[in-house]
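Please examine the sequence and the model below before reading on.

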Amino acid sequence: MTQQTLEQLDENLVSVNRQTKAVAFEGLLKDYKFRSIKRKDIREIQQLEIRLFGSDYPDHFFYSLYGSNLGRVVIHKKTGVIAGMVTAEIKAKHNFYFENYQKACITSIGVHPDHTRKGIGYNLLKYMTDHLRFVAKVNEIYLHTRQTNTRAVSFYQRFGFVVTKLVPGYYWDREIDPDAYIMTFFPTNDLDNEQEQEQEEEEQEQKQKQKEKEKETETKEKEQEINKLTSRMSKLVLTRTSSMESKPFVWN
C-alpha cells in the first residue's frame with residue numbers, strides 16, 4: 001500500500017482492514033480530522049502526555065514518528081486542539097523459537113479530557129492495530145496499563161488483548177499504583193483463524209455452486225427428455241392423423 005493511499009485513508013478517517021475494508025473512523029464526528037504527526041504537534045503531544053499520564057517522552061521519540069505511520073493524532077477542526085493521539089514502536093525482530101518474529105508496542109494512546117466519549121480512543125486503537133496487523137505484519141502487539149485501571153483493562157480486552165504479565169513498580173515515579181499489566185494481542189493467531197474461516201466459507205461456496213450446477217444440469221436433462229417425448233408424441237399423432245386421412249371412409 002502506497003504512502004499516498006494511506007494519506008487518502010487518513011483524510012477520509014478510515015482504517016485499513018485487509019478483508020472488509022471497513023471504515024474504522026465512522027464513529028468520529030465531522031468536527032474532527034485524523035492525520036499523521038507533524039513537527040508542530042510535538043510540544044502539544046508532550047503536554048497531553050504529561051496531563052494524562054504524568055510521563056514525558058523525550059523529543060527524539062516523537063521526532064522519530066514524524067512522517068511515519070506509527071503516530072497519529074485526531075484534531076478538533078474548530079479549535080485546532082489535539083483531541084487524541086496514538087503512538088507505536090516496532091521492535092527488532094527477535095524470538096528464540098521463530099525467525100523474523102516481530103513485536104510492536106503501542107507506546108501511548110490517550111484522549112483529551114474535553115473530548116472523551118466520542119469514539120476517539122476506540123478508533124485510534126482500531127487504526128493502529130489494523131495498521132500493525134495488515135500493513136506492518138507484526139506477530140505480536142503489546143502495551144502497558146495500570147493494574148488498577150480496570151476501565152482501561154476492559155477496554156483493551158474488547159480488542160482481543162489479554163493480560164500476559166504483571167510488572168511491579170513499572171511506573172517507578174508514582175507512589176500510588178506503580179504496578180502495570182502488560183497486555184498482548186496476537187494478530188497471527190487471529191489472522192490464522194480468519195484464513196481458516198475464509199477457506200471454509202470458500203469451500204462451502206464452491207459446494208453450493210456445484211450443487212446449483214448439478215441441479216441446473218439435471219433440470220436441463222429433464223427438459224431435454226420432455227422435449228424428446230413431446231417430439232415423439234407429436235410425430236406419432238401426425239402419423240396416425242395422416243394414416244386416417246389416406247384411408248377412405250366406408251359405411252358398413
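This is a predicted model: local features need pLDDT of at least 70, side-chain atom pairs count only at pLDDT 80 or more; totals for chains, interfaces and linings use all residues.

Residues are numbered from 1 along each chain as its sequence is written, and side-chain values use heavy atoms, with hydrogens and water left out.

The protein chain contains six helices and seven strands; helices (H or I, at least four residues) and strands (E, at least two) are DSSP runs, numbered from the N terminus. From that end, the elements run α-β-α-α-β-β-β-α-β-α-β-β-α. Of the 252 residues, 35% count as buried, where buried means under 20% relative accessible area, exposed over 50%, and partly exposed in between (1.4 Å probe, protein chains only).

The seven strands form an open sheet with mixed pairing, in the order E1-E2-E3-E4-E5-E7-E6; two strands pair if DSSP finds at least two bridges between them. Strand E1 (32-36) and strand E6 (162-167) are the edge strands, each pairing on one side only. Within the sheet, strand E3 (residues 82-90) and strand E4 (residues 103-111) run antiparallel and are joined by seven bridges. Glycine 84 stands opposite valine 111 in E4.

Helix H2 (residues 42-53) packs on this sheet, touching strand E2 (71-76), E3 and E4, and its direction makes about 95° with that of E3. Contact means heavy atoms within 4.5 Å; axes are lines fitted to C-alpha atoms, for helices over the stretch in contact, and angles run from 0 to 180 degrees between N-to-C directions. Helix H5 (residues 150-157) also packs on the sheet, touching E4, strand E5 (140-146) and strand E7 (180-185), at about 165° to the direction of E5.

Which residues of H5 are buried? They are Ala152, Val153, Phe155 and Tyr156. These residues lie on the same side of H5 because they cover an arc of only 160° around the axis, the arc being that of the directions from the helix axis to the C-beta atoms. Their cover includes E4, H4, E5 and E7. On the other side of H5, Thr150 and Arg151 are exposed.

The largest nonpolar core has 39 residues, of which Ile106, Leu132, Tyr156 and Phe161 touch the most other members. Such a core is a set of buried Ala, Val, Leu, Ile, Met, Phe, Trp, Tyr and Cys residues joined through side-chain atoms within 4.5 Å.
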